[in-house]
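Subject: Structure handover

Hi,

Here is the structure I promised to pass on. My notes on it follow below.

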Amino acid sequence: MKKYWTFGGLFIITCIAFWIYDGKAPQVQEDKLQESEGSAPLPKEENLLYGINVDDVDIVEGVVKRNQTLSTILAPFDVPYQIIDEIAKKSKDIFDVKKIAFNKKYTVLTPKDSTKSKFFVYEPNRTEFVVFNLSQPEIYKENKPMAINRREIGGKISSSLYVNMTELGLGPDLVDQFADLYGWVVDFQRLQKDDKFKVIFKEQVVEDQIVGIEDIEAAYFEHMGQGYHAIPFEQNGVISYFDEKGNSLKKAFLRDPLKFSRISSRYSLSRFHPVQKRYKAHLGTDYAAPRGTEIRSVGDGTVLEATYRGGNGNFVKIKHNGTYTTQYLHMSKIGKGIKKGTRVKQGQVIGYVGSTGLATGPHLCFRFWKHGKQVDWLKEDIPPAEPIAEENKLAFEKVRQEKINKLTAIQYTEKVPLLTSK
């Protein structure tokens, strides 16, 4: 009997042991598997440049020298002329290699186990790059990664809008957009010391460099004690800027046909001509600017003339409507595609500052017609765009108060602020 009890006890113990092992073994195996997986080496992260793995590649960077072409750039990198010729033909719809320009950056990538380069990368501007796969051959264009920084800043005028804004770390694009906002309510040629500005905006940053402005969210300018708000509001499907009373800041024309320029000579019925050495009427406004400065159409319209003629030199004449016509003289060259019959938009580049015709130095002579008669552009009362419509006033009130509150909270500063991403 004792023997049976002994065998029975052993049997029960064995069953219990199997039961415990059977329940725990899968978990132990799973734990070991997880430990094994956790200890496995992570895949090596690729070292990418322009989206290309450059772990085993020699990288040569350079800038285009004067008169260099794709062929002369690639000649030292053992790229056959046939490949260069094929790439030049294939790339026309993506990037014409004839447009490779002086002082632009390029990069050549060559595998370490080869003498023949595999990739040529060209940067036509600060935001894009073009990849030429020399072994395919294949060409494609990509945008560089871009960050958007939201900034708020206020400052005071001690010199000029351009100087004081750039001292605060603001780029030329923002200065130009800000000046265009207030062009018809503030004369930036006659700013006073201690005039003030505030602006909320988003800027585009590529490789730690500011490359453009996405938009101005709100602005304020105080001139001789008078304050002017700029509130963005969408009306009729278009975002425009309005003052605190709901009147549009935009008019039919831009205030100036050039960016960052100064008026060197005004409309006059009797002005001493610097070339002809006699007094005569000067029925235009002269803007002094370096040769090559972009000239903008002040409004939408149709090109009447785009040609060279005598004392006018290279010029463009634009009809805006049945009332107004403008003319831009002494250009170094007329803009690409600008010819008789071309439709142009407000702010579109139509040519470049020069000194062709009767001119002693580079400048733009800007002429303005009203009902077929030349008038003083700076004294004209240009009609504004539509104010806030009655049905939009309640919505505008809400936006206006929100923007004014944010602008009021901005402090005036004289130091360059740090960029902050939001």
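**What I found**

The chain exposes about 24,900 Å², and carbon and sulfur atoms supply 51% of that area. Please keep in mind that this is a predicted model. Of the 422 residues in the chain, 41% count as buried. The chain holds six helices and 24 strands. Take the contacts with a separation of 6 or more: residues 24 or more positions apart account for 62% of them.

**Cores**

The largest nonpolar core has 25 residues. F253, I295, Y328, I350, F366, F368 and W377 touch the most other members. A second, separate core has 23 residues, including M165, F201, I216 and L249.

Back to W377. Leaving aside residues up to four places away in sequence, W377 touches W184, F253, L254, R255, T285, Y287, V298, F366 and F368.

Helix α5 spans residues 172–181, and its buried residues are L174, V175, D176, F178 and L181. What covers them includes α4 (161–167), β9 (196–206), β10, β11, β12 (238–242) and β17 (294–296).

Which side chain meets D176 in a salt bridge? The partner is R296, at 3.5 Å, N to O. This pair links distant parts of the chain: R296 is in strand β17, D176 is in helix α5, and they are 120 residues apart. D176 has a relative accessible area of 10%, so it is buried. R296 is at 5% relative accessibility, so it counts as buried too.

R296 also forms a salt bridge with D180, with the closest N and O atoms 3.2 Å apart. D180 is in helix α5 and R296 in strand β17, 116 residues apart.

**Other salt bridges**

The structure holds 18 salt bridges. One of them joins the side chains of K144 and E207, at 3.4 Å from N to O. K144 sits in the loop between β7 (138–143) and β8 (147–156). E207 sits in the loop between β9 and β10, 63 residues apart from K144. K144 counts as buried because its relative accessibility is 7%. E207 is exposed, with a relative accessible area of 57%. Both belong to a network of salt bridges that links E61, K105, E123, K144 and E207. As a general point, side chains of opposite charge can pair when their charged atoms come close.

**Two residues to look up**

E217 lies in strand β10 (residues 209–223). Its relative accessible area is 13%, so E217 is buried. The side chains of E217 and R150 are joined by a polar contact of 3.1 Å. Not counting residues up to four places away in sequence, E217 touches R150, I200, F201, K202, P232 and K403. F201 is also among the residues of the second core.

G227 is in strand β11 (residues 226–235). G227 is buried because its relative accessible area, 16%, is under 20%. Beyond residues up to four places away in sequence, G227 touches Y220, F221, E222 and E244. How many residues separate G227 and F197 in sequence? They are 30 residues apart in sequence and 9.3 Å apart in space, C-alpha to C-alpha.

Best wishes

Terms used: Residues numbered from 1 in each chain as written. Predicted model: local features only at pLDDT ≥ 70, side-chain atom pairs only at ≥ 80, totals over all residues. Heavy atoms only, no water. Helix = DSSP H or I, 4+ residues; strand = E, 2+ residues; numbered from the N terminus. Buried < 20%, exposed > 50% of the residue type's maximum accessible area, 1.4 Å probe, protein only. Contact = heavy atoms within 4.5 Å. Polar contact = N/O pair within 3.5 Å; in protein donor to acceptor, adjacent residues only side chain to side chain. Areas by Shrake-Rupley, 256 points an atom, 1.4 Å probe, with all protein chains shown as cover. Core = buried A, V, L, I, M, F, W, Y, C linked by side-chain atoms within 4.5 Å. Salt bridge = Lys/Arg side-chain N within 4 Å of Asp/Glu carboxyl O.
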